[in-house]
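Please open the model in a viewer and show the whole chain. The tour begins with the overall fold and then turns to selected side chains.

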Amino acid sequence: MRSTENPLTTVRNIGILAHVDAGKTTVTERILYAAGATHRRGEVHDGTTVTDFDPQERERGITISSAAVSCAWRGHRINLIDTPGHVDFADEVERSLRVLDGAVAVFDAVAGVEPQSESVWRQADRHGVPRIAFVNKMDRAGADLDAAVASLRERLHPAPLVVQSPIGSEGGFRGVVDLVRMRALVWDDDGVPLDAVPVPEPLRAAAEARRRILEEAVAELHPAALEEFCARDTLSVSTLTAALRELTRTGDGVVVLCGSAYRNRGIEPLLDAVAACLPSPLDVPAVRGAYDGAEQERSADPEAPFAALAFKVTATPTGRLTWLRVYSGTLEKGTAVWDATARRTERVGRILRMRADRQTPLDRASAGDIVAVTGLKGARAGTTLCRPDAPLLLEPPGTAEPVVSVAVEACRSTDTDRLAAALARLTEEDPSLVVRGDPETGQRVLSGRGELHLEVAAERLRRTYGVEVRTGRPRVALRETVVRGVTGAVFRHVKQDGGAGQFAHVVLDVEPAGGEGGPGAGDFAFRSAVIGGRVPQEYVRAVEAGCRDALTQGPLGGHPVTGLRVTLTDGATHVKDSSEAAFRTAGRLGLREALRACGMRLLEPVAAVTVTVPEEAVGGVLGDLAARRGRVSGQTVRAGTAVVTAVVPLAELFGYATRLRGRTRGRGTFTTRPAGYAPAPGTATPASATV
């Protein structure tokens, strides 16, 4: 008899999220191995992993680009994206999370929650992506499941629901106790799972205590579980399993498992939890979009009008690939689709199921699928593709503003045009890279999210596109802000050159909008206090647009201006010569003149730095951070390792990796994440109170 179950109920679109070196790529490799998708365990240190296939990834031992793979597990199809863990490539994580239904967050059993663990967790929070947690590296010296869960609770504030306890510790870690079904799961020395057995007697009392804690935690969060718990003083396996599934999918709880991916222990229960707890495309809300002002919803239905979001573009030796998440409808190869972002028609060539750098051709892709397609010439990350007669525009993934820049030029003058084309292709693939021309130097400036980000980009220019380049010292993206404002700044724009003239008269007040570089410093606020209709509303909007135009270049050094509030207090019009263009010009020139009279200060980007070093090296590290104008905010010591947190100007961090390795004999590591802007020393200008 044919099953009537919707096949989408067995699909899981998940990502692997973690801090760099927490072991997420190894987790991905072991998932593929356990599911039978590979027949050999790939190792990061050997450069044999499926998902880190790029030469730079294998040389550096880190994930740089998100890679998609698929596998089958006990009747479920799991589409999995392995995401980068380094902060410089956080935009790759952002684009992936935009199209995922669930995620596995991997944590180091020794370090617990690390800086980038927190960053990717917050990204998943913003996208409402349900998660389960996997505490990895339980075989390491110092591994502590309870400490890792405590750090998760304290720093990420979820409700952790620990469903396993370890059997053995550190090098003696052999398996886990399944607290839901109260059984022992053990693996042999080769990582092969043995048959499940009852919990051994020496572990039973501790396992029952942990099971009780789990039941109480679930009962507090789930009404049906609470009712059964009050009536029976315990929870059945079916009730506990159903409650864990619902709490995970609503985000009210996070199931926590443990294991050692490197030793291939704990992967099969992790896959079971992915299938049991994380949502299918049918379990997540229908995707919402709009077109020409009309809001629409599209459910995960293969028979609905087609709608998909492009989240990644890659160049391969055989052509350009565009990665899609299909939200509704069905896409067949050779189909014409509507690019709702660029408002033009494209035609899909081939449809491919990706396994990292390998491809399997498909005839069609349906709602819930993550695939790559060929033939799209203009699609970018964030492009919405839909059926031409049912247009829809989906919200694109966000792109963070670049903070570090390098001047880049071709080593040979004959390669100048090739460099321009290569940079265009590079920014197509990675929207967090920005290329602009510097009008002062005539150089091309490449901007990105960090020093490593730019190093990788420059190396790709050489290896992938065959263009030898020279790069200058990275420059950071400075900002200018108002520290003392002016009132009554008058500007009159009058222009008469035959025919209709231009006339606009504005009076502006300018004041700081918030703390320098702190919350609110990135805001620009504009309001009108004009009374009596002296400036019509359409001209007020033009003045605001002109003021925004003026913010692109400040008076100190031509940097963008941020953190100010402008009030239009008065103005005048001419019956014939006033127009929106005239008032926009007056707003732009008037604000620029007012800013020259304001007290201004230069802001520089700062980064939150976490440095992990041997305890004996901490003195030298603190001295070096102080020399780099860093402000130390915390210091902890655990098991002979010191963790120092500080806020350091980004400009002072260039070359820090080499310096840190030298000071710690290669044993020190550090991570950074953007922490906003702070005043640069000695950059304030005086101002008069009025003009």
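A contact here means heavy atoms within 4.5 Å. Among contacts in the protein chain with a separation of 6 or more, 72% join residues 24 or more positions apart. This is a predicted model, in which local features need pLDDT of at least 70 and side-chain atom pairs count only at pLDDT 80 or more, while totals for chains, interfaces and linings use all residues. Residues are numbered from 1 along each chain as its sequence is written, and side-chain values use heavy atoms, with hydrogens and water left out.

Colour the chain by secondary structure: it has 15 helices and 39 strands (DSSP runs, H or I of at least four residues for helices and E of at least two for strands, numbered from the N terminus).

Next, select Phe107 and Trp121. Their rings form a tilted aromatic pair, 6.1 Å centre to centre with 50° between the planes. (Rings of Phe, Tyr and Trp, the last by its six-membered ring, pair if their centres lie within 6.5 Å; planes under 30 degrees apart are stacked, over 60 edge-to-face, and the rest tilted.) Phe107 belongs to strand S4 (residues 102–108) and Trp121 to helix H4 (residues 115–127). Both Phe107 and Trp121 are buried, that is, under 20% relative accessible area, with exposed over 50% and partly exposed in between (1.4 Å probe, protein chains only).

Finally, move to Tyr539 in helix H12 (residues 537–550) and Phe583 in helix H13 (residues 580–597), 44 residues apart. This aromatic pair is stacked, at 4.7 Å centre to centre and 15° between the planes. Tyr539 is buried at 14% relative accessible area, and Phe583 is buried at 0%.
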